[in-house]
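Please keep the sequence and the structure in view while reading.

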Amino acid sequence: MLAVVESITGPQREVVSIYNDEFLTPLSRPQYFIEVYRCVEVKVGDCFSGMHGYPVPKTTAEIEIVVPDITNKDRDSSDKNKFYKYVVYNHTSCKCGTFKFRNGTLHKTITNNEVSEADYKAKYRKNPVNLIHRCHSHVCNPQPRYSLVHEHANVIPKSKYLAYQQCLPGSVALEKNNYNISIEMIFGREGIVSVLNDILCQAYDGENVEQCPKIEEDRNPVTTTKKTLTMPSGKKYLMWWMNLCLIHFLKVQAQCIGNGLMNSCACNFINACTYDASTKKFVAFSGSASDLKKFVPNVRSFALSPSQIAEICEPGPIGIIYDCKNRIPLAATIVLTADQYEKRSYVRPTQSFMESVRIGHDFQQNDIDYTTPLEHVPCYESMNKHHYIEQNWYNALYLPNLAYPQSQCPSNLKKSAIHRGHLIAASYGRGTPDRTIHTFIYTNAVPQFGKKNSGAWRAFERKLIEWARQNCKEAPLHVIVGSIPSTYGTNDRRFFGEAGFSEFMGPSNLFPRKAGYRVNVPAYMWTAACCHSASPPSFTVSTGFFAPNKPGRRLVNSVELSRLFSSVRAIGVDLFPKMPSCNEDGNYVPL
């Protein structure tokens with residue numbers, strides 16, 4: 001019989017995992033998916049069937065990605081953090097070749113792919129776009145994928161690869177379809193393959209996560225009976241893959257547990273560590289993690305889901321209590337010794353925000369959320385698919401011309417800048433350049449209206465440093481800065497993303513081409529600070545300030561710590577549980 005002859009077409013777009021060809025992620029690595037081009041299609045022409053009948057790359061380009069080991073958070077403090085390099089091949093032209101050659105040109109084999117932390121920081125910004133961010137932030141299209149059919153050696157070249165669509169792991173398939181296609185075997189035989197396609201995907205919501213295989217094949221491709229077919233290697237392979245799905249799902253859930261507040265962050269909490277005034281240094285905390293919790297501020301009630309809170313110690317050190325569901329910090333802590341707050345020279349660095357390596361990226365803000373930070377009008381998308389004026393924000397900008405409830409959003413409204421608002425200000429990181437740079441991390445940021453952030457709020461941050469110089473008498477300054485999510489109490493719920501603002505978390509119906517609403521917009525911002533010296537004559541001084549997170553230049557208010565949360569009617573919030581004198585009104589010194 002004459003051999004079937006085919007011709008090679010150009011590379012086709014496909015989305016792949018940077019780790020392997022099965023869309024799977026190692027448990028110690030973050031999920032990472034990129035767009036590449038692969039040689040997968042042939043047409044009638046000059047490619048022969050059989051062992052040499054596979055479309056393979058004639059030329060390739062290398063795509064390099066660096067990622068952290070997400071188990072860094074579990075390491076002993078004396079052990080170094082680990083980072084790794086992966087290389088994926090991008091096919092730029094195609095030819096006929098062997099199956100073995102094809103497999104060798106997907107992911108580059110690197111004997112030792114560990115890189116230094118310095119290399120990781122230098123190359124991180126050059127990483128290609130991680131598509132997991134986009135599909136976790138809005139309703140999105142499934143990604144193009146290709147799979148070799150079972151017994152592909154006995155299939156003619158044009159039928160060796162099946163095209164299908166798959167939602168990224170971690171997202172949810174809203175719609176699917178299943179259809180059977182005929183594949184042509186050598187010697188004129190025919191097989192039937194059942195293809196399961198994802199049609200529409202939705203942001204990860206903690207349930208119904210899409211993880212499992214997309215193509216089921218007939219174990220006997222010579223039959224023409226159409227039916228629902230099994231995986232190519234039988235039930236054992238299917239069960240193995242399902243177990244991987246379950247493990248991967250649990251990994252996604254577990255990535256927001258943080259690395260805890262022990263070790264370098266423990267002394268951020270007043271009275272947890274003994275301060276030696278002669279050396280101007282803290283004696284390391286000697287208790288357990290459960291002991292430390294007695295010193296940590298109890299702000300967990302502000303979270304959207306109190307069971308989804310992470311405690312994180314970022315470099316700096318900055319201790320963070322993080323609302324995983326709302327993707328914002330509830331509180332961030334730092335301690336400044338006298339040599340730090342007395343330091344007069346301070347230059348704010350020109351530093352971009354980075355994602356934390358201590359929780360999964362699905363639980364963080366990212367650059368996509370802030371794609372157009374200067375172009376947001378004071379309007380929000382409602383659940384009923386209308387675009388309404390946000391009454392409180394509008395009134396802050398347009399007094400005395402008040403907006404009515406559920407007024408339609410006009411096109412000529414003033415636009416407000418949205419900043420990545422630090423909780424621990426860059427100026428609180430004074431002391432060393434690295435300490436300041438470490439404040440530029442998404443776990444230390446919330447969406448904050450720009451005029452407030454750059455105006456009155458920043459002025460009060462400066463005042464707090466001057467307050468410490470005048471009142472702390474060389475005692476350490478313990479600072480806690482927090483946000484109250486708009487999901488708390490009777491606040492109007494507001495969320496933020498590339499599409500603007502909404503009253504719900506999820507994809508945008510009005511702006512489907514933009515990333516949806518992933519991040520909570522806090523209703524209030526607050527700061528509490530306390531200095532205490534046990535050396536005679538002992539003393540305690542404290543102060544606080546807060547402001548609603550609204551556009552405009554409304555003043556920030558300095559208040560006693562006992563009144564810090566009165567605007568949101570929160571009671572029983574103890575920010576300094578092991579130093580009650582911080583909370584006493586008699587020790588309050590206004591800014």
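F565 is buried in this predicted model, since its relative accessible area is 6%, which lies under the 20% limit for buried residues. F302 is likewise buried, because its relative accessible area of 1% falls under that limit.

In total, 21 aromatic pairs are counted. The ring centres of F302 and F565 are 5.5 Å apart and the planes meet at 45°, so this pair is classed as tilted. It connects distant parts of the chain, 263 residues apart: F302 belongs to the loop between helix 5 (289-292) and strand 16, whereas F565 belongs to the segment after strand 29.

A second tilted pair is formed by Y524 and F546, with 6.5 Å from centre to centre and 45° between the planes. Because Y524 is part of strand 27 and F546 part of strand 28, this pair ties together parts that are 22 residues apart in sequence. Y524 is buried, with a relative accessible area of 18%, and F546 is buried as well, at 10%.

| Residue | Ring partner | Relative accessible area |
|---|---|---|
| F302 | F565 | 1% |
| F565 | F302 | 6% |
| Y524 | F546 | 18% |
| F546 | Y524 | 10% |

Aromatic residues also gather in a cluster, made up of F353, Y370, W393, F440, Y442, F449, F496 and F501.

**The sheet**

Strands of a sheet pair through backbone hydrogen bonds, either parallel or antiparallel. Here, an open sheet consists of seven strands in the order 16-17-18-23-27-28-29, and their pairing is antiparallel. Strand 16 and strand 29 (557-558) form the edges, each pairing on one side only. Strand 16 and strand 17 run antiparallel and are joined by six bridges. Within this sheet region, E311 has I321 of strand 17 as its bridge partner. Helix 9 packs on the sheet and touches strand 18, strand 23, strand 27, strand 28 and strand 29; the direction of helix 9 makes about 175° with that of strand 28.

In soluble globular proteins, nonpolar side chains tend to be buried together. The largest nonpolar core of this protein has 41 residues, of which Y322, L336, Y428, W467, L477 and V479 touch the most other members. Several elements give two or more residues to this core, including strand 17 (318-323), strand 18 (328-336), helix 9 (450-471) and strand 23 (477-485). Which element gives the most to the core? It is helix 9, with seven residues.

L477 illustrates these contacts: leaving aside residues up to four places away in sequence, L477 touches I334, V335, L336, Y341, W467, A468, C472, A529, C530 and C531. Another core, of 38 residues, lies apart from the largest one, and its members include I321, I484, V559 and C582.

**The protein as a whole**

The protein has nine helices and 29 strands. Of its 591 residues, 54% count as buried. Among contacts with a separation of 6 or more, 71% are between residues 24 or more positions apart. The protein exposes about 26,000 Å², and carbon and sulfur atoms supply 51% of this area.

Methods. Residues are numbered from 1 along each chain as its sequence is written. This is a predicted model: local features need pLDDT of at least 70, side-chain atom pairs count only at pLDDT 80 or more; totals for chains, interfaces and linings use all residues. Side-chain values use heavy atoms; hydrogens and water are left out. A nonpolar core is a set of buried Ala, Val, Leu, Ile, Met, Phe, Trp, Tyr and Cys residues joined through side-chain atoms within 4.5 Å. Buried means under 20% relative accessible area, exposed over 50%, partly exposed in between (1.4 Å probe, protein chains only). Helices (H or I, at least four residues) and strands (E, at least two) are DSSP runs, numbered from the N terminus. Contact means heavy atoms within 4.5 Å. Accessible areas come from the Shrake-Rupley method with a 1.4 Å probe; for residues, only the protein chains shown count as cover. Two strands pair if DSSP finds at least two bridges between them. Axes are lines fitted to C-alpha atoms, for helices over the stretch in contact, and angles run from 0 to 180 degrees between N-to-C directions. Rings of Phe, Tyr and Trp (its six-membered ring) pair if their centres lie within 6.5 Å; planes under 30 degrees apart count as stacked, over 60 as edge-to-face and the rest as tilted.
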